[in-house]
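Please view the model before reading on.

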Amino acid sequence: MPPEILVVGAGMIVHDQILPSLYHLQRLGRIGEIAVCATRHESVRKLAEAEILRRAFPGQRFRMYPDAPGEPRDELYREAIARLAPRNMVMVAVPDHLHYEVILEALRHGQHVCAAKPLVLEARQGEEIAEEARRRGLLAAAEYHKRFDGRSLMARRAYREGRFGEFRLGTACLLEKWHYRRSNFANWMTAENSDAFTYIGCHYVDLVHFITGLEPRAVSVYGILDRFPNGNQGYLWSDARVIWSNGACLNVQNGLGFPDAAPGANTQGLTLYCQGAEGGALIAHSDQYRGLQYAYTDPPAYAEPSPDYFQYVDVGGPGLAPVGYGYRSIEAIVTAAIRVNSGECQVEEIDRAGLLATAANSGYNDRVIEAARASIRQGGREVSIPRPV
Ligand SMILES: NC(=O)c1ccc[n+]([C@@H]2O[C@H](COP(=O)([O-])OP(=O)(O)OC[C@H]3O[C@@H](n4cnc5c(N)ncnc54)[C@H](O)[C@@H]3O)[C@@H](O)[C@H]2O)c1
């Protein structure tokens, strides 16, 4: 039986990546029914009526929780999870600081889990999730879609073949557009819950491990407190320094502040300077400018769209098909759960292969984030990251 999927959360990432990927997998017969749970009916209704989703997936529907307007229901996801038969799957796409509770609830009900990054904000929580998943033979994955960008996989393979030598110094950045400040983020990406590094810097920390296999050992994060338009305070700019297990150093800059007028959906990229026995080596990825320059007439605008993350294309219908590493990442995680259910592979093999970030094999992300949150509150003091036990 193809698994049913319950998505908890109905915000931006569900609209932009998760739901269209699931609809496509449903169209291919790889998954069964889809349900989406938010706290308010209006949120799921808006998602159901989203124009691009209706156009791309004509006739496809999901079950809505709540199914009618009323008071917000923060705990409704527990009922939705309880209704699933064991060994289906829960996709967790609520704000960062709420992941832990939802993930554990899903695992305790025997569900495979895929959580939007970051998995959790504390190392202990990640360990608890890994243990719960291991005991029950369930997949608990964090969705780090940059891993499924072909360039990340190319760099990983060549690095692990020794072709780049050893990583020494690097820089990465990911700055989202200024207008993110006016989104629902203003309600939760506040100083007490998150910061620019925790929200988006984690992508490049994960990627450096994914490529090199190195482990982070210390982090310092300097954050600048700023106000969202609704008056809430958040660390909307951050500058992080991550020291790795071989002494290498990565600088990561993040923010919600890339100009709205600038081309591209954001600015992002990674440069790693490496050294071999006889000379230097370089990995440099422009992850925002991917070679496309479009100027439209209606309305007049210049853009540099990325064909690689997530696009809808017409490949003969019905509707439109999603392409890109955003889709491939969801597909890979769902496929892994299906293979575990069919007995084709064990969760431990997935942990060992290291292609998917699981709670068991990516605890370094949780440790970095816990240390980063401590550092940013102390003005950027270096916080060391304990080695895993
Ligand atoms: N590049 C990426 O990988 C990427 C991008 C965006 C977001 N994310 C991650 O995805 C998660 C969600 O982010 P978003 O951008 O969609 O945020 P968002 O603010 O747009 O949406 C959050 C959603 O969670 C729902 N929610 C909150 N509490 C809930 C509860 N108790 N029960 C059910 N639903 C609840 C809200 O109703 C809302 O629909 C975050 O962890 C974020 O860091 C990842």
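In which loop is Pro318 found? Pro318 sits in the loop between β15 (311-313) and β16 (321-323). Helices (H or I, at least four residues) and strands (E, at least two) are DSSP runs, numbered from the N terminus.

This is a predicted model, in which local features need pLDDT of at least 70 and side-chain atom pairs count only at pLDDT 80 or more, while totals for chains, interfaces and linings use all residues. Residues are numbered from 1 along each chain as its sequence is written, and side-chain values use heavy atoms, with hydrogens and water left out.

**Backbone**

Most residues other than glycine have a negative phi, and most peptide bonds are trans. The peptide bond from Gly317 to Pro318 is cis, with omega near 5°. The bond from Tyr65 to Pro66 is also cis, with omega near -10°. Pro66 belongs to the loop between β3 (63-65) and α4 (76-82). Arg87 is not a glycine, yet its phi is positive, near 70°. Arg87 lies in the loop between α4 and β4 (89-92).

**Domains**

The domain assignment gives domain 1 (5-146 + 317-358) and domain 2 (150-307 + 367-384). Such bounds come from an automatic or database domain assignment. The C-alpha centres of the two domains lie 24 Å apart.

How many residues of each domain are in contact? The answer is 20 residues of domain 1 and 24 residues of domain 2, where contact means heavy atoms within 4.5 Å. The two domains bury about 1,800 Å² between them, 59% of it on carbon and sulfur atoms. Buried area is the accessible area (1.4 Å probe) that two parts lose on being put together, summed over both. On the side of domain 1 that touches domain 2, α6 (123-136) and α10 (325-342) are the elements that give two or more residues.

**Ligand**

There are 25 residues around the ligand, each with a heavy atom within 4 Å of it. Met12, Asp96, His99, Asn184 and Trp188 come nearest. Some polar contacts, pairs of N or O atoms within 3.5 Å, are listed here.

| Residue and atom | Distance to a ligand oxygen atom |
|---|---|
| Ala10, backbone N or O | 2.9 Å |
| Val94, polar backbone atom | 3.2 Å |
| His99, polar side-chain atom | 2.7 Å |

Notes
A polar contact is a pair of N or O atoms within 3.5 Å; within protein, one must be able to donate a hydrogen and the other to accept it, and residues adjacent in sequence count only if both atoms are side-chain atoms.
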